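Work through the exercises below with the model open. Try each task before reading its solution.

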Amino acid sequence: MAMAHTSPAFIFFALALVVVGAQPDSCSSRLPAALSNFTGLSCRPIWNNFVLRYSQDQENVLSVVLSTTYAAGWVGMGFSMDGRMVGSSAMVGWMGKTGIPHIKQYYLRGETASDVVVDQGQLLSTAVAPRVVVHHAKIYLAFQLKFTAPLAQQHLLFAIGTSIPVHNHLKKHVDKTSIPFDFSTGGSSSSSSSSSHLYELKRTHGVLAIFGWGVLAPIGAIVARYCKHWDPLWYYLHAVIQFLGFMIGLAAVVAGKLLYDELHASVHSHRGIGIFVLVLAILQVIAFFVRPDRDSKIRRYWNWYHHWVGRLALFFAAVNIVVGIRVGDAGTSWKVGYGFNLAILLIASIVLELLRWTGRSREALTAPPLQTQ
């Protein structure tokens, strides 16, 4: 699990909280009377409406009260060695459909629902039983954990789901994050630094992908189709523009790989389409070096291959950019920006195609009649 922008599903969930009259949680809010035994806690707003209250005694017992606005579903807090979901252990709480509170430890051995195993994990509890309290449209998860040494820097995972677990089975979260937190100081500078790094990496991946696959590659294809009257300039322009687009697109793939290593996000469709587009692009580069002569008998088949593989790559590149904007929660500015770019390319292609066919029609009308013997 990793730092992410607020998902659309979480926005709808937050709107539901407004409807029921919930107020955003903060450190100024008092704990419910049912948690009066949790005292002397430090408090930090941690993420969205999540508030983390905690204390650590000389026996390395960590007392935690995690709170956030709540309407239904589940709330979880995990402890990870590297900031990733896989291999971490989490405390998850919810209010059941019958009004009975639940809090369970889960071991996150994989990314699928079947790999989230209840009543397992590496967290050691104390004699103080964990509790869940729902009060004034807020949920409070209160628990104590025993560690072998004082807890300082620790990767914390936070997630929220809108579906009430049935038979302790968790459905997929609607929002999540990973935050390195220093329990010795309560500092969040490392968290901000990590968040900024991930944001810049994701932004770099998006910018490179859009410019390489979504701008240069289509322009190179347009030059090849509509500028052949500039012979041989069109060929060199096409080759240079496509090569630049490929290199920038390749840099986007590298940035995407680094981002995936950091986030370990479940973006299977985006990754799969991206790999497919990269393979098609590599095939196009290889085709450039094995291009037969114009007089060759197989030149016609090479042209068919080159044209249709290129069109397929451009189509799936555009699809994947849209998918990437969606799964990355990039925001309205990215959608409008790429939409505008796509509209310009489509309009330019349509206009140039019409001019091309108009020119052909004029040539056909002005061509001299065939002389018959």
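The exercises cover aromatic rings, then charges over rings.

This is a predicted model, in which local features need pLDDT of at least 70, side-chain atom pairs count only at pLDDT 80 or more, and totals for chains, interfaces and linings use all residues. Residues are numbered from 1 along each chain as its sequence is written, and side-chain values use heavy atoms, with hydrogens and water left out.

**Exercise 1.** Count the aromatic pairs, then classify Phe-181 with Phe-183.

Step 1. Apply the rule: rings of Phe, Tyr and Trp (its six-membered ring) pair if their centres lie within 6.5 Å; planes under 30 degrees apart are stacked, over 60 edge-to-face, the rest tilted. The count is 13 aromatic pairs.

Step 2. Phe-181 and Phe-183 lie 5.1 Å centre to centre, with 75° between the planes. The pair is edge-to-face.

Step 3. Check burial: buried means under 20% relative accessible area, exposed over 50%, partly exposed in between (1.4 Å probe, protein chains only). Both Phe-181 and Phe-183 are buried.

**Exercise 2.** Which charged end sits over the ring of Trp-234?

Step 1. The criterion is NZ of Lys or CZ of Arg within 6 Å of the ring centre and within 35 degrees of the ring normal.

Step 2. The charged end of Lys-228 qualifies, 5.3 Å from the centre of the Trp-234 ring.
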